[in-house]
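Here is a short report on one chain.

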Amino acid sequence: MQATIGAYMVPGLLSDTAVMSERNVLGGELEPCGDDPVTGFYRDGCCNTGPEDIGSHTICAVVTAEFLNHQREIGNDLITPMPQFRFPGLTPGDRWCVTAVNWLRAHRDGAAAYVVLASTHERALEIVPIEALRERAIDVPASPGSLGD
């Protein structure tokens, strides 16, 4: 038997209790961020993280044109598709797991994307204060495109 812990399959580890799950910044179970496009460092739709995720792709952002332009200006082009990395390129309204450091930089520069707290991994708090995340918190509408540019 095997169990999943984070993004890892652990053979021989299964108990009567629920499998450990990743936590969000609110202390609850980490909820999916997005599947159109499929996001996450592991491309599993969640902002899961692990030792390979050096950039800490832990913040579930609902991107805006301002955020995308800011990221491009600091050398993090999130607009141009890169199929070799299974990256489709983003447009305003897309949900994407962004790095905590780049989100914080955008926040400090006044260009932060919106944040889905229930889908933001608790490890983001190692870099970004919860108050900053709460300032940009949003309930994601059924059609994020309605957020505008």
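## Disulfides

Cys47 is buried, at a relative accessible area of 0% (buried means under 20% relative accessible area, exposed over 50%, partly exposed in between, with a 1.4 Å probe and protein chains only). Cys47 forms a disulfide with Cys97, the sulfur atoms 2.1 Å apart (a disulfide is a pair of cysteine sulfur atoms within 2.5 Å). The torsion about this S-S bond is about -95 degrees, so the Cys47 and Cys97 disulfide is left-handed. The pair links distant parts of the chain: Cys47 lies in the loop between strand 2 and strand 3, Cys97 in strand 4, and 50 residues separate them. Helices (H or I, at least four residues) and strands (E, at least two) are DSSP runs numbered from the N terminus. Cys97 is buried too, with a relative accessible area of 2%.

The model is predicted: local features need pLDDT of at least 70, side-chain atom pairs count only at pLDDT 80 or more, and totals for chains, interfaces and linings use all residues. Residues are numbered from 1 along each chain as its sequence is written, and side-chain values use heavy atoms, with hydrogens and water left out.

## The other cysteines

The disulfide count comes to 2. Cys33 is joined to Cys60, S to S 2.1 Å. This link of Cys33 and Cys60 is right-handed, with 85 degrees about the S-S bond. It also links distant parts of the chain: Cys33 is in the loop between strand 2 (8-11) and strand 3, Cys60 is in strand 3, and they are 27 residues apart. Cys33 is buried at a relative accessible area of 2%. Cys60 counts as buried at 0% relative accessibility. With the bonded cysteines numbered in sequence order, the pairing reads 1-3, 2-4.

Cys46 is buried, with a relative accessible area of 14%.

An open sheet of 3 strands has the order 4-3-5, with antiparallel pairing. Two strands pair if DSSP finds at least two bridges between them. Strand 4 (95-98) and strand 5 (114-115) are the edge strands, and each pairs on one side only. Strand 3 (residues 59-62) runs antiparallel to strand 5, joined by 2 bridges. Ala61 stands opposite Val115 in strand 5.

## Rings

A pair of aromatic rings is described by the distance of the centres and the angle of the planes. Rings of Phe, Tyr and Trp (its six-membered ring) pair if their centres lie within 6.5 Å; planes under 30 degrees apart count as stacked, over 60 as edge-to-face and the rest as tilted.

The structure holds 2 aromatic pairs. In one, the ring centres of Phe41 and Tyr42 are 5.1 Å apart and the planes stand at 90 degrees, so the pair is edge-to-face. Phe41 is partly exposed at 30% relative accessible area, and Tyr42 is partly exposed at 22%. In the other, Phe87 and Trp96 have ring centres 5.2 Å apart and planes at 70 degrees, so this pair is edge-to-face. Phe87 is buried at 6% relative accessible area. Trp96 counts as buried at 5%.

Where does the charged end of Arg136 sit? It sits over the ring of Tyr114, 4.4 Å from the ring centre (the rule asks for NZ of Lys or CZ of Arg within 6 Å of the ring centre and within 35 degrees of the ring normal).

## Cores and contacts

The largest nonpolar core has 24 residues; Ile59, Phe67, Leu90, Val98, Trp103, Val128 and Leu133 touch the most other members. A nonpolar core is a set of buried Ala, Val, Leu, Ile, Met, Phe, Trp, Tyr and Cys residues joined through side-chain atoms within 4.5 Å. Strand 3, helix 1 (65-73), strand 4, helix 2 (100-108) and helix 3 (130-135) each give two or more residues to this core. Helix 2 gives the most, with 4 residues. A second, separate core of 7 residues includes Cys33, Cys97, Val116 and Ile138.

Contact means heavy atoms within 4.5 Å. Leaving aside neighbours within four places in sequence, Leu133 is in contact with residues including Val25, Ile59, Trp103 and Val115. Thr58 lies in the loop between strand 2 and strand 3. Thr58 is buried, at 0% relative accessible area. Not counting residues up to four places away in sequence, Thr58 touches Cys47, Val98, His121 and Arg123, among others.
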